[in-house]
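The sequence and the coordinates are shown first.

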Amino acid sequence: MAKRSSLFLRIIEGKKLPARDLTGSSDPYCIVRIDNETIIRTATIWKTLSPFWGEEYNVHLPSTFHSISFYVMDEDAISRDDVIGKVSIAKDVLTANPKGVDSWMSLSEIDPDEEVQGEIHLRIEICRNSPTPKLRCHVYEARDLARKDLNGASDPFVKVQYNGKTQESSVVKKSCYPRWNEVFDFTLDEAVTENTLYVEVWDWDLVSKNDFLGKVAFNITKLQVIQQKEGWFLLLPDKAQRSETEGNLGSLRLQLRLRDESILPSCYYQPLTELLLQSVTTDNGEKGNVLTLIDELATTENRQEVATNLVKLFLGQGLAKQFLNFVIKLELDRTTEPNTLFRNNSLASKSMECFLKVAGMQYLHNVLGPTINRVFEEKNCSGLHRCQTEVDIIQQSVQSLQSYLTELIEAIVTSVVKCPSVIRATFRELFKSVEARFPQDRYQNIKYVAVTSFLCLRFFSPAIMSPKLFYVRPKHADARTSRTLLLLAKAIQSIGNMDGNEVRGKEIWMAPLQHNIQQGVMLFKDFIIKLTDIEDDQELKCRKQVALQTTSTIKEGYLLMHQAKERGILTSSHFKKHYFCLNCEALCYSKMPNAKNSAFIPLSKIRAIEKVDEKCFGSPYIMQIISTDGRGQFDIMYLQSKNVNELNQWLSSLRKYCVSNEQMLNAYHPGVFKGEKWSCCHQKEKAASGCDKTHFGVTLQDWNDPLNPDLESHLIYRQLLATRDTLIQKDLKCKGRSDTSSPVSSSEETDMVDMPHKLFQIIQDLENAHRSFEHGETSVNKNMSVELLT
């Protein structure tokens with residue numbers, strides 16, 4: 001049974017932050033760390049003490065993580081960024097709140113004695129071979145210690161304290177991965193009141209005070225029962241976390257929800273998966289369909305998540321179009337007023353919105369990316385002309401807006417060939433279904449609005465307004481650029497509503513765009529007709545596309561590359577710019593996009609993807625890809641990203657598609673081999689085993705994640721489990737209705753009565769299977785629910 005932890009986090013806003021700049025303000029951003037690994041950096045919000053970020057992330061974690069920390073920083077263009085404060089949340093707090101945490105949390109001051117990290121390898125044992133019993137502490141090594149010196153490392157040594165006596169190890173210079181392999185003996189005093197052994201790690205300094213790096217404490221009374229204890233132990237702060245935080249550092253509003261998932265083998269989810277697939281492949285009516293029942297059970301709080309899981313499940317089976325057709329038909333059958341069609345957050349609306357993000361993100365980037373990039377790049381053009389009057393500035397702004405909107409409309413209406421076939425086929429069925437439901441002349445625009453309500457209102461417009469949330473741009477826009485993007489998003493939304501006069505009187509800045517909007521309405525109608533005119537052979541091709549990612553590009557972009565050689569000094573100047581393209585089979589790279597001569601690394605040959613210490617090259621944001629060549633020898637490629645978010649996105653994408661590789665490494669070297677030794681642990685053999693554990697379990701969720709039917713089935717089961725009480729009531733209600741009805745009933749009515757019971761039984765069986773696995777009972781009857789489907 002596979003286990004994983006999934007953390008949803010939303011960094012909403014801050015308030016009452018202290019001023020760190022001479023202007024009386026700050027430029028705050030957040031850094032998120034899981035244990036000691038930085039995984040997220042938010043955008044900088046300039047010149048404010050009450051920033052709003054509104055950034056959401058889903059992080060997949062190993063179940064062994066300990067805490068999550070949020071550091072609020074003040075960005076400085078010249079000097080080093082200032083730390084404003086931090087919020088640290090232990091895993092136990094998140095586990096104790098299964099529904100999640102949503103609150104304002106006060107920022108605390110950074111205490112050097114609390115900012116510890118890393119682990120130490122020890123063996124503690126009681127030796128009774130001699131007349132006087134001894135307590136022996138064997139100090140082997142440590143890893144990932146805090147960097148306390150200006151050179152990006154530390155000079156660690158160990159203090160071992162017991163019964164008032166202290167012994168110290170040797171100092172290992174310039175290393176955060178020291179190896180001591182030293183033994184310390186103490187006379188065991190069983191009568192002492194405080195029978196505790198302390199192992200402390202310190203950073204040695206020649207002139208200033210030694211810096212504390214962490215400690216571990218052992219209860220010797222308990223140790224006497226087991227006689228020996230060995231392993232890697234987490235280094236802890238010198239004192240307990242303070243209960244009172246600094247009141248003048250402000251606070252941070254966060255939303256967090258942790259889920260520990262235990263995924264059963266595929267055969268256990270087969271009854272649920274087959275029941276869902278039958279809902280779109282067999283004609284058993286709407287009333288007796290499991291999707292109809294799920295639509296009724298879904299709540300406002302979980303409808304988005306249910307829709308996401310269903311879309312990914314059906315996409316993986318090549319039945320996304322059929323699923324969307326069904327939920328759209330449900331929506332159409334209960335809609336009496338056409339102007340309200342798909343305007344609420346129904347299962348159909350949420351499913352289509354998720355489908356577009358999963359299947360069309362690359363399409364969106366290709367269509368909107370060039371114009372959005374131009375808006376960002378030209379934002380300061382007007383500032384180059386110092387002699388402009390206010391009238392000139394307004395006129396130039398109007399011309400720029402009109403130019404941007406014209407370019408956007410042209411990019412969208414000429415994008416038919418770029419749109420994925422599965423999206424076009426889905427829109428064709430939507431177009432025809434709405435036309436059949438509302439055939440009256442007065443509703444002639446509704447079929448067009450049905451398509452644009454998803455394509456424009458729920459896909460293009462939000463991406464234009466917040467390009468960072470759709471991965472179009474790495475950072476949020478400043479106030480001026482945000483205003484431009486907002487007006488463009490409103491214009492595309494007005495075109496999507498198929499009403500060229502909609503902008504009249506709404507906003508003064510929209511008036512100059514009315515002519516462009518009216519032209520856009522006519523162009524969009526023609527565009528939709530072409531978009532939905534997909535041939536049968538193209539539709540058949542998209543039906544056979546079982547996994548969407550098999551032929552598509554997962555991630556691409558420029559990175560700086562350095563290939564490790566046997567000799568030579570490694571410096572940042574040796575990095576050369578290359579264009580990288582990741583698909584499900586290989587990581588390809590060349591000097592230019594679409595180059596004929598390109599090299600590649602098969603993903604099956606990759607053994608680890610990890611970060612590199614900044615001190616190694618004198619530059620940040622570097623990762624290493626460790627792979628094997630044809631002779632089975634290790635090759636290391638070093639890649640440098642532009643920022644920490646780009647680095648983590650590449651790490652996540654590569655780790656997700658390599659996680660099932662055989663012979664993945666459990667340890668690696670975070671340093672480089674130079675000067676006849678590893679810079680991290682000072683081992684002199686290049687083939688020496690790694691000094692730090694690999695982190696392939698830490699990934700950021702993305703829309704192009706590999707489709708995993710077992711995981712999606714499990715998540716659907718979890719959502720249904722939460723509605724079990726409602727499902728029981730429906731089951732009893734249907735049985736009562738069946739008892740009072742006539743003895744001869746239609747097949748649809750029979751399915752309507754049986755469906756709640758079938759679904760409830762499958763959920764009950766899955767819950768029993770989970771309990772059995774948790775108790776070590778793996779011989780559960782794998783066919784216990786199959787009979788319900790026959």
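## Overall composition

The model is predicted. The chain contains 18 helices and 28 strands. Of its 790 residues, 52% are buried. Among contacts in the chain with a separation of 6 or more, 70% are between residues 24 or more positions apart.

## The five-stranded open sheet

An open sheet is formed by 5 strands in the order β7-β16-β1-β4-β28, with antiparallel pairing. Its edge strands are β7, covering residues 101–106, and β28, covering residues 699–700; each of them pairs on one side only. Strands of a sheet pair through backbone hydrogen bonds, in either a parallel or an antiparallel manner.

Within this sheet, strand β1 (residues 2–15) and strand β16 (residues 251–263) run antiparallel and are joined by 13 bridges.

Is T699 buried or exposed? The relative accessible area of T699 is 7%, which is under the 20% cut-off, and therefore T699 counts as buried.

Apart from neighbours within four places in sequence, the contacts of T699 are N58, V59, H60, S652, R655 and K656.

## Strand β9 and its partners

Strand β9 spans residues 134–143 and is mostly covered, with 8 of its 10 residues buried. Strand β8 (residues 119–127) pairs with β9 in the antiparallel sense over 9 bridges. The two strands, β8 and β9, form a hairpin in which 6 residues lie between them. Across this pairing, the bridge partner of I124 in β9 is C137.

Strand β9 is also joined to strand β12 (residues 179–187) by 7 bridges, and these two strands run antiparallel. Here H138 is placed opposite V183 in β12.

## Cysteines

How many disulfides does a search of the whole structure find? The search finds 0 disulfides.

The structure holds 4 cavities of 30 Å³ or more. The second largest cavity has a volume of about 70 Å³. Which residues line the second largest cavity? The lining consists of I294, L297, A298, N302, V306, I716, Q719, L720 and T723. Two or more residues of this lining are given by each of α4 (290–297) and α16 (709–721).

The largest share of the lining of the second largest cavity, 3 residues, is supplied by α16. By residue class, this lining divides into 6 nonpolar and 3 polar residues, with no charged ones.

Definitions and conventions
Residues are numbered from 1 along each chain as its sequence is written. This is a predicted model: local features need pLDDT of at least 70, side-chain atom pairs count only at pLDDT 80 or more; totals for chains, interfaces and linings use all residues. Side-chain values use heavy atoms; hydrogens and water are left out. Two strands pair if DSSP finds at least two bridges between them. Helices (H or I, at least four residues) and strands (E, at least two) are DSSP runs, numbered from the N terminus. A disulfide is a pair of cysteine sulfur atoms within 2.5 Å. On a 1 Å grid over the protein atoms alone, a cavity is a set of points where a 1.4 Å probe fits but cannot get out, and a pocket is an open set with protein on both sides within 12 Å along at least five of seven lines; lining residues have an atom within 4 Å of a point. Grid points are joined across faces, edges and corners, and a volume is the space filled by probe spheres set on the points. Ala, Val, Leu, Ile, Met, Phe, Trp, Tyr, Cys and Pro count as nonpolar, Asp, Glu, Lys and Arg as charged, and the others, Gly among them, as polar. Buried means under 20% relative accessible area, exposed over 50%, partly exposed in between (1.4 Å probe, protein chains only). Contact means heavy atoms within 4.5 Å.
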